[in-house]
Amino acid sequence: MSQQHPEYDVVVIGGSGVDTIVRVDSLPVPLADSVLVGPIEEWPGHTGGNLALGARALGLRVALLDCIGDDWIGAQVRERLAKGDVEFAPVISPAGTRRAVNLVDATGRRMSFYDARDPDGLRMPRDHYLPRLRRARHVHVSIMNFARFLYDDIEDLGVPVSTDLHDWDGLADHHREFALRSDLVFLSAAGAGEETPALMREILREGRAQTVVATAGADGSYVLTRDIVSRDGDSTPHHIPATVPPAPAVDSNGAGDAYVCGFLYGRLTGRDVLESARLGAVAGAYACTAPGSTALISPEALLGGSL
């Protein structure tokens, strides 16, 4: 296929920005007028950027479409994606580029303050995204409000679509359409807690998803598929143990995004759901070994770590 008309393995919609990383001794941070911390760092990424960079590092053909600002924050995003060989096609938003401030403790745990600056009326033009969606094997939709308006076209094209609901508790209305209109749904068990299995079953029952994956940090992850429920009548999610990181964990920023990358790599290379989840666990653990979502696993390390 020519360079003018490439085929993409994954087209990522939305979710780029810059993280400001503040390292603290422990979470929660004690109440004080001022707290002495180490060097404060900035890392371009966010969920969509991390996923695009991680998928490209695994050798997948990737494009990222998003709405960002014509500002110095957006310039940081462009620079990092260019260094990671990710095709980036942004639409300029007058609201500027999204940011987040993440407090990270000595064990790598984080608390994120997310800057949801996109205006409700923000939209991505159809003539901007349709040409790339038509050449995509898979689409991953970040839970940006503007991205929900692409679902009709994605469904009309018949392209498989995934999303990551992050810490959805099953109640917030913002996430529901993403949950029910995606074929593959990721979420964090941190949101629903003990109700996570029930939420996974609800997504399968009420939406179009064939597979739901809940990540649980050091407790591993859980996988539930429509086929397993239909065939065996077993609605208990299958547990995938966590993988021990190959080096000390320093930062969990981007670990969930890396898990999604490993999982999608598995599915796009013909592996079954459970093996794909094991690859996700390997990639997620690897991501914790460097700051600011900079530990991008290679195919060789991913496959070697899954054995």
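This is a predicted model: local features need pLDDT of at least 70, side-chain atom pairs count only at pLDDT 80 or more; totals for chains, interfaces and linings use all residues.
**A mixed open sheet and its surroundings**

L264 is found in helix α9, which covers residues 255-268. Apart from its neighbours within four places in sequence, L264 is in contact with L51, H138, S162 and L184. G74, by contrast, stands 27 Å from L264, C-alpha to C-alpha, and the two are 190 residues apart in sequence.

The bridge partner of L184 in β11 is T211. Strand β10 (residues 184-188) and strand β11 (residues 211-215) run parallel and are joined by five bridges. In general, the strands of a sheet pair through backbone hydrogen bonds, in either a parallel or an antiparallel manner.

Seen as a whole, the sheet is open and consists of nine strands with mixed pairing, in the order β5-β4-β1-β8-β9-β10-β11-β12-β13. Its edges are β5 (87-92) and β13 (238-240), each of which pairs on one side only. From one strand to the next, the twist averages 20°. Helix α2 (residues 72-83) packs on this sheet and touches β4 (62-68) and β5, with its direction at about 165° to that of β5. Helix α3 (residues 126-133) packs on the sheet as well, touching β1 (10-13), β4, β5 and β8 (139-141); the direction of α3 makes about 160° with that of β5.

A few backbone details are worth a look while the structure is open. Most residues other than glycine have a negative phi, and most peptide bonds are trans. Against that background, the bond joining L27 and P28 is a cis peptide bond, with omega at about 0°. P28 sits in the loop between β2 (17-23) and β3 (41-45).

Positive phi values in residues other than glycine occur at H46, where phi is near 65°, and at D85, where phi is near 60°. H46 belongs to helix α1 (residues 46-57), while D85 lies in the loop between α2 and β5. Are these residues buried or exposed? H46 has a relative accessibility of 6% and so counts as buried. D85 has a relative accessible area of 49% and is therefore partly exposed, since the exposed class begins over 50%.

Notes: Residues are numbered from 1 along each chain as its sequence is written. Side-chain values use heavy atoms; hydrogens and water are left out. Two strands pair if DSSP finds at least two bridges between them. Helices (H or I, at least four residues) and strands (E, at least two) are DSSP runs, numbered from the N terminus. Axes are lines fitted to C-alpha atoms, for helices over the stretch in contact, and angles run from 0 to 180 degrees between N-to-C directions. Contact means heavy atoms within 4.5 Å. Buried means under 20% relative accessible area, exposed over 50%, partly exposed in between (1.4 Å probe, protein chains only).
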